[in-house]
Amino acid sequence: MLANLHKHRNKVIIIAGDSNIHLLDYGKATQCTDFVDKLTEFGFTPLILRPTHITDHSATLIDHIFMNSCHAVTNSSDSGLTRPLNEETIISFVGEIKRVDWTFWLQSEDADEKFNAFNDKYTKIYNTCFPLKKPKRQGVRNMKS
């Protein structure tokens, strides 16, 4: 699958899932290390770096979002607007994605309709959690003479 993504290297690609591979085991567990190394080899960066499942006796990082172009989330050079990418917005995004009942797309047999339903839901959550904003200018003073 990743080898085929190379054809789309100029596009922003997000890979998300609950793979049950505990990323905090990187360097300790071969399956985890191979998983992360393969994704980074193809230019993907993990966006979630802290545990996503926390109980009284454990904390695991098994929900994953990898992106091949992180600057696309924080900058939109065409419009001069930015999207906030920080721990708070990522946690909000993951939480919203987890709350969705994804079975809604089963209502249609048409692949295009299923994709459109998924894409509409995902895009709405993405735009809510990472809204476009004008960047704050710091250190700029009104210099009137």
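Reader: What percentage of the residues of the chain count as buried?
Author: Happy to start there, and bear in mind that this is a predicted model. A residue counts as buried when its relative accessible area is under 20%. The chain has 145 residues, and the share of them that count as buried is 27%.

Reader: Thanks! How many helices and how many strands are in the chain?
Author: Let's follow the sequence: the pattern reads α-β-α-β-β-β-β-α-α-α. That gives a chain with five helices and five strands.

Reader: Which element gives the most to the largest nonpolar core?
Author: This core has 22 residues, and L23, I48, I65, I90, F93 and F130 are those with the most contacts inside it. At least two core residues come from each of α2 (30–41), β5 (63–67), α4 (87–99) and α5 (111–129). With four residues, the one that gives the most is α5.

Reader: Which residues is I48 in contact with, leaving aside its neighbours within four places in sequence?
Author: Good one to pick, as I48 is among the residues with the most contacts inside the core. With those neighbours set aside, the contacts of I48 are L61, D63, H64, I65, I90 and V94.

Reader: Is C32 buried or exposed?
Author: The cut-off for buried is under 20% relative accessible area. C32 has 2% relative accessibility, so C32 counts as buried. C129, at 6% relative accessibility, likewise counts as buried.

Reader: And how many disulfides does the structure hold?
Author: A disulfide is a covalent bond between the sulfur atoms of two cysteines. Here a pair would need its sulfur atoms within 2.5 Å. The number of disulfides in this structure is zero.

Reader: Which element supplies the largest share of the lining of the largest pocket?
Author: About 350 Å³ of space lies in this pocket. Its lining has 15 residues, and the closest to the pocket centre are I14, I15, A16, F118 and Y122. The elements giving two or more residues to the lining are β1 (14–18), α4 and α5. The largest share, five residues, comes from α5.

Key:
Residues numbered from 1 in each chain as written. Predicted model: local features only at pLDDT ≥ 70, side-chain atom pairs only at ≥ 80, totals over all residues. Heavy atoms only, no water. Core = buried A, V, L, I, M, F, W, Y, C linked by side-chain atoms within 4.5 Å. Buried < 20%, exposed > 50% of the residue type's maximum accessible area, 1.4 Å probe, protein only. Contact = heavy atoms within 4.5 Å. 1 Å grid on protein atoms, 1.4 Å probe; cavity = no way out; pocket = protein on both sides within 12 Å on 5 of 7 lines; lining within 4 Å. Points joined across faces, edges and corners; volume = space filled by probe spheres on them.
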